[in-house]
Amino acid sequence: MLFSDNTRHSYANSPLIEVICQLRFPTILSIGSTVPAQFQEAVRDEFPQYVARQEQQPIKITNPNAPQPQIERQPPVTNYNFISTDGRWKINLTQNFVALSTLGYTSWEEFAQKLDKVLALFIQIYHPAFFERIGLRYVNAFSRKRLGLEGELWDDLINAPFIGVLSEPDVDEKQTTKCALDVELALGESRHLKLHAGPGLLGDGKKDPEPKFILDGDFSVVDKQIPAQRIAGDLDVLHDYAVRLFNAAATQELKEAMGAELK
């Protein structure tokens, strides 16, 4: 089962390493042509740190079926970062999207409240005509060492649909160098899921050599014109999918080891 019930828990040892919400809109050239000073003033009390980065865009190929396709290099885009004092919350602003992310997620209500404030200020200052994509991404990394489960197999902690052949009794986890699930599927009209699940190393293992089980779910609504009034409702639906996916992936043993408590 890919989606279970939507029972919500809080976890004393949460596996979440990052939560991101990104909203894409038709290009607003003024964001890239001048520094967003007015927006900074509006968010500076909560996000006082500022960094601007130039990001190279993917090469654009025109007439791909022609004998000699044309390759166009796209100009770099400025990504403006507004960061909280403790570094755990960040706003990203470009000419094409605004995003809120956190490394210290505690509850959907807290995240949604901060997002509402950021989005309201963005709309007030830049007046986007509409939005084209709403994305909500939850990145989990389960650590057996941290949970005192070093003697357990992933087969005991993660349910079968998410661990592929590792759920088979004749597959030795210690002899398996790579096993990952990568899925993209539609969740009904205009809703989508991009899922990655499997053991892996964070940061290529440079700082932490322990393999974690990564559960990375990117939920989205893609439509030609999404009015601002729809965003809260669409995000609630995406969040519900995220809860149901997590509940389907984690076994009861794993939930108990994380200190699950009903909300």
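**Figure 1. Overall composition of the protein.** Of the 263 residues in the protein, 41% are buried (buried means under 20% relative accessible area, exposed over 50%, and partly exposed in between, with a 1.4 Å probe and protein chains only). The model is predicted: local features need pLDDT of at least 70, side-chain atom pairs count only at pLDDT 80 or more, and totals for chains, interfaces and linings use all residues. Residues are numbered from 1 along each chain as its sequence is written, and side-chain values use heavy atoms, with hydrogens and water left out. The secondary structure consists of six helices and 13 strands, where helices (H or I, at least four residues) and strands (E, at least two) are DSSP runs numbered from the N terminus. Along the principal axes, the C-alpha atoms fill a box of roughly 55 × 55 × 40 Å. The accessible surface amounts to about 14700 Å², and 49% of this surface belongs to carbon and sulfur atoms; accessible areas come from the Shrake-Rupley method with a 1.4 Å probe, and for residues only the protein chains shown count as cover. Among contacts (heavy atoms within 4.5 Å) between residues at least 6 apart in sequence, 68% join residues at least 24 apart.

Figure 2. Because its relative accessible area is 0%, Val19 is classed as buried. When neighbours within four places in sequence are left aside, the contacts of Val19 are Leu100, Ser101, Thr102, Tyr105, Phe111, Leu136, Arg137 and Tyr138. One of these residues, Tyr105, is 86 residues from Val19 in sequence, while the C-alpha to C-alpha separation is 6.8 Å.

**Figure 3. Salt bridge between Arg144 and Glu173.** A salt bridge is a side-chain nitrogen of Lys or Arg within 4 Å of a carboxyl oxygen of Asp or Glu, and by this rule the count comes to twelve. Arg144 counts as buried because its relative accessibility is 14%. Glu173, at 18% relative accessibility, therefore also counts as buried.

**Figure 4. Further salt bridges, including Glu210 with Lys212.** The side chains of Glu210 and Lys212 meet at 3.4 Å, N to O, and both residues are buried. In the bridge between Arg230 and Asp223, the N to O distance is 3.3 Å. Arg230 has a relative accessible area of 28% and is therefore partly exposed; Asp223 is partly exposed because its value is 30%. Glu46, Lys114 and Lys117 are linked in a network of salt bridges. In general, side chains of opposite charge can pair when their charged atoms come close.

**Figure 5. Negative surface patch with residues from α4 and α6.** The patch is formed by Asp155, Asp156, Glu168, Asp170, Glu253 and Glu256. Patches are made of residues with over 30% relative accessible area and no salt bridge; like charges are joined within 9 Å, and nonpolar side chains (Val, Leu, Ile, Met, Phe, Trp, Tyr) within 5 Å. Helices α4 (154-157) and α6 (252-257) each supply at least two residues of the negative patch. Glu253 belongs to α6 and is partly exposed because its relative accessibility is 32%. For the protein as a whole, the mean positions of the 27 positive and 35 negative charges are 6 Å apart. Lys and Arg count as positive and Asp and Glu as negative, whereas His and the chain ends are not counted; the place of a charge is taken as NZ of Lys, CZ of Arg, CG of Asp or CD of Glu.

**Figure 6. Nonpolar surface patch of Ile59, Ile61 and Ile71.** Together, these three residues have about 310 Å² of accessible area. Ile71 is located in strand β5, residues 70-72. With a relative accessibility of 60%, Ile71 therefore counts as exposed.

**Figure 7. Positive phi at His127 and at Ser190.** Most residues other than glycine have a negative phi. Phi of His127 is positive, near 50 degrees. His127 sits in the loop between α3 (108-126) and β9, and is exposed because its relative accessible area is 58%. Ser190, in the loop between β10 and β11 (191-200), has a positive phi near 70 degrees.
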